[in-house]
Amino acid sequence: MTPSALDHPLVHDYLRRLEHAIAQMPADERNELRENITMHLREELAAASTDAQVRNTLATLGDPYDIVGAQPATDGHRGRGAHEVIAVVLLLIGAFIVPVVGWIVGVVLLWSSKAWTRGQKLLGTFVFPGGLGAVLFLWLIPVSLLTQVCTEVSNGQVSPAQVCESSGPPPWLVIPLAVIVALGPIVVAVYLLRAAGSPEGHGAEIATPATDQAGRR
Amino acid sequence: MATPTQLRRGVLEFCVLALVAKEDRYGFDIAKALSAVAPIAISEGTVYPLLSRLRKDGAVETTWVESESGPPRKYYAITAKGRRALADFTEEWASFRDAVDTLLQGETP
């Protein structure tokens with residue numbers, strides 16, 4: 001199996017630096033630039049490359065921060081700011097704070113943010129509308145089905161030793177299902193937070209580039 | 001006051017447009033062509049944000065073309081809107097350039 005042109009450690013470093021540089025851009029622009037740079041590297045480094053060739057390629061390609069600086073000013077760019085964090089929190093537990101409305105506000109914030117693609121926004125909206133609030137509500141239904149059946153039996157004239165007749169799904173099925181259903185919104189919430197990009201003002205945190213090929217900065 | 005870098009970038013967008021006006025080209029090719037003509041002006045990578053902007057403005061459109069020697073390539077083609085923009089810029093640039101040269105050479109009347 002031929003090694004991928006992008007497997008070189010210097011390329012990895014470059015791409016990581018690129019990710020930080022593009023974190024503040026709107027999601028669609030971010031994806032487009034990442035795709036273009038990756039294709040460029042694949043094209044240029046297709047033949048087996050020496051270290052020197054890789055270094056040279058990355059130097060002529062240019063420092064990611066310079067490339068991103070070339071991005072013409074667009075209408076708002078952000079990484080993961082307060083807007084995004086609040087959106088995710090409300091999506092998850094907004095229904096507990098203010099029933100229904102809390103979650104709806106989360107959805108509004110989700111869709112008005114520039115940090116996510118449309119696909120990500122759809123995911124955030126439809127993996128359990130209502131967030132954990134709805135999940136809790138859903139939990140109550142099978143639980144009440146189970147207990148209801150039991151008490152009815154013992155209220156009757158039948159002996160108390162009667163086994164609970166579950167007309168609903170069995171507990172060993174319901175409980176794992178309930179856990180999975182609850183995990184859905186939580187997993188999506190974590191995914192959205194990470195997909196939103198680096199926190200705003202992240203630029204200064206980048207470690208001094210050992211990979212700065214042109215020796216700038 | 002606009003820095004030389006900002007001036008360069010405004011103009012380079014039209015240079016990129018000029019490169020695809022003659023024939024459809026793919027990103028890598030455009031990057032190489034531009035830096036061959038103006039190596040000190042920009043690093044190759046800065047072509048890509050310019051191409052994105054041109055695409056968003058409707059001056060170019062992209063199509064994917066299968067390539068025998070690897071993954072599909074994204075080709076850029078100039079649109080009618082792009083041609084008009086390029087024509088306008090070419091005209092403006094000529095008179096602007098002449099005016100600036102005149103002033104820089106101190107030959108103001």
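This is a predicted model: local features need pLDDT of at least 70, side-chain atom pairs count only at pLDDT 80 or more; totals for chains, interfaces and linings use all residues.

Mentor: B:Tyr75 is partly exposed, its relative accessible area being 21%. B:Tyr26 belongs to strand E1 (residues 25-26) of chain B and B:Tyr75 to strand E3 (residues 70-78) of chain B, so the pair ties together parts that are 49 residues apart in sequence. B:Tyr26 is buried, with a relative accessible area of 14%; the cut-off for buried is under 20%, which is why B:Tyr75, at 21%, is classed as partly exposed.

The pair of B:Trp93 and B:Phe96 is likewise tilted, with 6.3 Å from centre to centre and 50° between the planes. Here both residues lie in helix H4 (residues 80-104) of chain B, three residues apart, which is about one turn of the helix. B:Trp93 is partly exposed at a relative accessible area of 31%, and B:Phe96 also counts as partly exposed, at 46%. These two residues belong to one aromatic cluster, together with B:Phe14 and B:Phe89. Over all chains, the structure holds four aromatic pairs.

In summary, the tyrosine pair connects strand E1 and strand E3 of chain B, whereas B:Trp93 and B:Phe96 pair within helix H4 of chain B.

Methods
Residues are numbered from 1 along each chain as its sequence is written. Chains are lettered from A and ligands numbered from 1 in the order in which they are written. Side-chain values use heavy atoms; hydrogens and water are left out. Rings of Phe, Tyr and Trp (its six-membered ring) pair if their centres lie within 6.5 Å; planes under 30 degrees apart count as stacked, over 60 as edge-to-face and the rest as tilted. Helices (H or I, at least four residues) and strands (E, at least two) are DSSP runs, numbered from the N terminus. Buried means under 20% relative accessible area, exposed over 50%, partly exposed in between (1.4 Å probe, protein chains only).
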